[in-house]
Amino acid sequence: MLGGGYTARGIAAAGLSLSFTLYNSYTREKQRFEPLDEKRVTLYACGPTVYNPPHIGNARAAVVYDLLYRVLMRHYDNVVYVRNITDVDDKINAAAAAAGVPISEITDRYTAVYHADVEALCVLPPVVEPRATDHIEEMVEMIRTLIDGGFAYAAEGHVLFHVPSFAAYGKLSGRSREDLIAGARVEVAPFKRDPGDFVLWKPSTDGQPGWASPWGFGRPGWHLECSAMSKKHLGNTIDIHGGGNDLKFPHHENEIAQSVCAHDGQAFVRYWVHNGFVEIDSEKMSKSIGNVLLVRDLLKDFPGEAIRLALIKTRYREPLNWNDAIVSDAKSQLDRIYGALERLEHVGATDVGAHPSFNAAMDDDLNSPLAITHLMEAVADANRSTNPDEQALLKGQILASGRELGLLTMAPSEWFRGQKQDLDIDKIESLIAKRAAARKAKDWSEADRVRDELAALGVTIKDTSEGTEWRAE
């Protein structure tokens with residue numbers, strides 16, 4: 001597991017930690033991660049509500065919890081990662097009504113878009129990807145339990161969780177009861193016993209998705225969905241629950257309340273992890289401002305790996321100020337890494353893990369910026385090295401670092417050729433053949449002219465013993 005020819009004793013002597021720590025949003029401190037069961041580590045991350053294409057903020061969450069998943073898999077043999085699909089929601093209903101199509105058409109379309117976009121960012125599929133609409137029975141059963149326990153009540157076709165029944169409400173977000181009620185920004189319905197009470201079940205009208213229940217034809221509240229899905233696939237208590245900072249209140253606060261009360265006071269989550277917001281040129285993303293960046297639009301201009309690297313060059317808990325410069329810099333950094341691997345293509349990589357300094361950084365609350373620094377140090381060493389054994393070790397460490405970061409998924413030739421999607425491959429190959437013929441005929445001026453023509457197309461060439469290689473710059 002440690003790799004790189006290092007032993008646990010050697011790492012300890014170097015002052016590097018073997019423990020994995022995470023900042024727990026609930027306790028507001030960094031803690032050593034200790035799973036409930038080392039043979040089955042559980043991770044739940046709030047997935048997309050599928051009514052529109054994912055933006056860069058959605059992408060950051062997907063990449064962050066993919067990164068966490070990869071680190072956990074280095075430490076544990078069995079990590080059960082659940083990332084849900086919310087496919088019943090009022091925003092989905094509105095999108096379907098606006099488009100004049102069935103709700104399922106909206107959810108199927110944007111689920112496929114989400115999958116394609118995050119796959120382009122090298123995000124691994126979760127172990128389980130439950131859909132809310134497949135778990136209505138579990139939601140109804142949880143509501144029954146909450147009503148029977150005196151934590152929820154039915155009123156005018158609705159079922160609501162009674163917030164005063166849960167004394168710890170507000171601990172995650174750290175807000176006072178008055179702030180929580182004001183921050184909920186909801187109209188206080190006359191049938192609520194308390195202004196802070198939130199919906200577990202609500203009635204559906206014609207044209208809205210709905211299911212039969214003891215409280216009438218209706219659909220679940222958003223908060224209930226995640227509690228029911230996490231319970232079914234991970235159990236009453238899960239190790240890690242992740243999501244964006246914007247979900248702390250009310251979503252995660254409500255999840256805690258209903259889950260703890262439905263499970264006789266058992267802890268719902270042992271470690272809460274939240275990623276920071278994405279800002280666009282120092283402004284919060286907003287449809288009203290018109291600065292929402294869609295992943296699919298960014299992919300037209302930048303490789304997916306460059307977007308991913310740009311997303312993890314900032315600590316996951318900090319705000320990320322997104323602009324073209326950071327993703328251009330990330331692409332240039334990847335060019336350097338792939339360039340080093342290209343130089344070492346003739347060298348077989350030693351089967352090792354990443355350098356211990358890289359692992360120590362990732363194990364320190366996912367310190368990806370520091371880990372990337374250590375990766376670039378290995379790249380620099382690889383570019384200087386002339387020793388075949390050292391080159392093989394460094395290449396193995398670079399590739400292992402890339403796997404954990406979700407990068408370096410291509411061969412160097414594929415990376416460099418893919419930089420310009422509008423290249424005319426046939427024309428490039430024809431010009432290279434023309435240049436080869438000119439060189440064979442010792443027509444050096446024609447060979448130089450063709451090289452200049454290729455350069456004008458953004459293509460550089462390198463003559464090797466096996467022929468001419470080219471890349472798009």
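Guide: Start with a term: a polar contact is a pair of N or O atoms within 3.5 Å; within protein, one must be able to donate a hydrogen and the other to accept it, and residues adjacent in sequence count only if both atoms are side-chain atoms. Helix 11 has such a pair at its start: a side-chain oxygen of Asn323 comes within 3.0 Å of the backbone nitrogen of Ala325. Helices (H or I, at least four residues) and strands (E, at least two) are DSSP runs, numbered from the N terminus.

The model is predicted: local features need pLDDT of at least 70, side-chain atom pairs count only at pLDDT 80 or more, and totals for chains, interfaces and linings use all residues. Residues are numbered from 1 along each chain as its sequence is written, and side-chain values use heavy atoms, without hydrogens and water.

Now the helix itself. Helix 11 runs over residues 324-343, 20 residues in total. From first C-alpha to last, helix 11 reaches 29 Å, close to the 28 Å expected at 1.5 Å a residue. That expected span is 1.5 Å times one less than the number of residues.

Which residues of helix 11 are buried? Buried means under 20% relative accessible area, exposed over 50%, partly exposed in between (1.4 Å probe, protein chains only). The buried residues include Val327, Ala330, Leu334, Ile337 and Leu341. Lys331, Asp335 and Glu342 are buried too.

Step back to the whole chain. The protein chain has 17 helices and 15 strands. Buried residues make up 52% of its 473 residues. Its C-alpha trace spans about 90 × 60 × 35 Å along the principal axes.
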